[in-house]
Amino acid sequence: MKMATAVEFAEAPFEIIDGDRGKNYPKQGDFLDSGHCLFLSATNVTKTGFDFSNCLFIDEQKDAALNKGKLQREDIVLTTRGTIGNTAYFNHTVPFENLRLNSGMVILRCDKAKMLPAYLYHFLRSPSFFSQVNSLRSGVAQPQLPIRDMRRIKLPLPPLPVQRQIAGILSAYDELIENSQRRIRLLESMARALYREWFVHFRFPSHEQLPRVASPLGDIPQGWEVKTVKDVSAVTYGFPFASKKFNTDGIGTPVIRIRDIMDGSINTFTDEEAEPKYHIKNGDILVGMDGDFHMCVWSSGPAFQNQRVAKFESNGEIGNYHLFLALELPIQTWNKSIVGTTVAHLGDMHIKTIQIAWPPAKILAKARKVLEPMSQQIIVLKRQIQNLRLTRDLLLPRLLSGQVSLNSKKS
């Protein structure tokens, strides 16, 4: 297949729509934990699509006071400040009806008679797009991609039937990925529900037989105690690898930075060596210590731990996934309340204050028997997602360049 001539964004059949940056732009006090309209932050738009693990909302009145920046179904969001080039597609799978941009992103709204949103979305994840973004970005402390520069980006614009074929092939991978993500969300929801029942509300098997006693965490069942997270786990803070030795060519060992925790990605490598304590393995709990305190149970294989990334490993008495669930609520709470001079910071002074209601060994063993298989299933599903993304992303440039026959659909 011979691809169509590339066109610049300035002539392409879609609008570039900026957000509202006027006097009605929401202030910190306007944000809610739930509400009428999801107000997107940079953490909600990743290089793998939307992430709704941490959301802020505005009420209907504040939403109505804003002009530009309201999304419609089939719109695409592109980040243009800070971490630039991340994209997300507001299609039927998104569980919110009302979404607005913050000031560091734009909407791309297609003329569907000439360009399919799904086709554009796949192009925005291609190596061609990212190489052009990197050549056009400006700013050092705060990278940005102004609209005037974005208009110079070129993309292939084949006829609509060809766009539909390309989008259909790539979207099949997205559907498989979404199915696995749905299963992960279900497993995580089940695990969190069990943890809340047993270790927050103390409604574990035979709980009614035990009286409650006072503790620093409030009333807990008799026979339980309160421990700190450092009593039950080893906490390691990352190593300051030399950034001048980083590469993106896959040479050496992956270095996991804060930005990689959000989606479990591997972007940066180093040929430096690291002490064993800075090694990461599947199942380790990683927490970013600056900005938004993202957490994950690592699933992307052996890697090194960069500075400002904390690693938590169970001492064996408690399952690693149990430990993750115990850390999640206090760290999410700090995520909303700790403010540094220019960015929020999490430190050892915060970590060592995390307290856990600690049950007898019999209850710990029962919890581990349920939670750890869930964790292993989640890790396996995440690995499947990574393999699907790798296959899709290898196929993407070949489809866009016409190297793959769309009739045979062979990769």
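Buried means under 20% relative accessible area, exposed over 50%, and partly exposed in between (1.4 Å probe, protein chains only). The model is predicted: local features need pLDDT of at least 70, side-chain atom pairs count only at pLDDT 80 or more, and totals for chains, interfaces and linings use all residues. Residues are numbered from 1 along each chain as its sequence is written, and side-chain values use heavy atoms, with hydrogens and water left out.

**Exercise 1. State which parts of the chain the salt bridge of Lys62 and Asp30 ties together.**

Step 1. The N to O distance of this salt bridge is 3.8 Å.

Step 2. Helices (H or I, at least four residues) and strands (E, at least two) are DSSP runs, numbered from the N terminus. Lys62 belongs to helix α1 (residues 60-65), while Asp30 lies in the loop between β2 (14-18) and β3; the pair therefore ties together parts that are 32 residues apart in sequence.

Step 3. Lys62 is buried at 18%, whereas Asp30 is partly exposed at 27%.

**Exercise 2. Describe the sheet that contains β3.**

Step 1. Two strands pair if DSSP finds at least two bridges between them. The sheet is open, with three strands in the order β6-β3-β9 and mixed pairing.

Step 2. β6 (57-58) and β9 (99-100) are the edge strands, each pairing on one side only.

Step 3. Strand β3 (residues 37-39) runs parallel to β9, and two bridges join them. Leu38 stands opposite Leu99 in β9.

**Exercise 3. Classify the aromatic pairs Phe31 with Phe39 and Phe50 with Phe52.**

Step 1. Rings of Phe, Tyr and Trp (its six-membered ring) pair if their centres lie within 6.5 Å; planes under 30 degrees apart count as stacked, over 60 as edge-to-face and the rest as tilted.

Step 2. Phe31 and Phe39 have centres 5.5 Å apart and planes at 50°, a tilted pair. Phe39 is buried, at 5%.

Step 3. Phe50 and Phe52 are stacked, with 5.1 Å between centres and 20° between planes. Phe50 is buried at 19%, and Phe52 is partly exposed at 24%.

Methods
A salt bridge is a side-chain nitrogen of Lys or Arg within 4 Å of a carboxyl oxygen of Asp or Glu.
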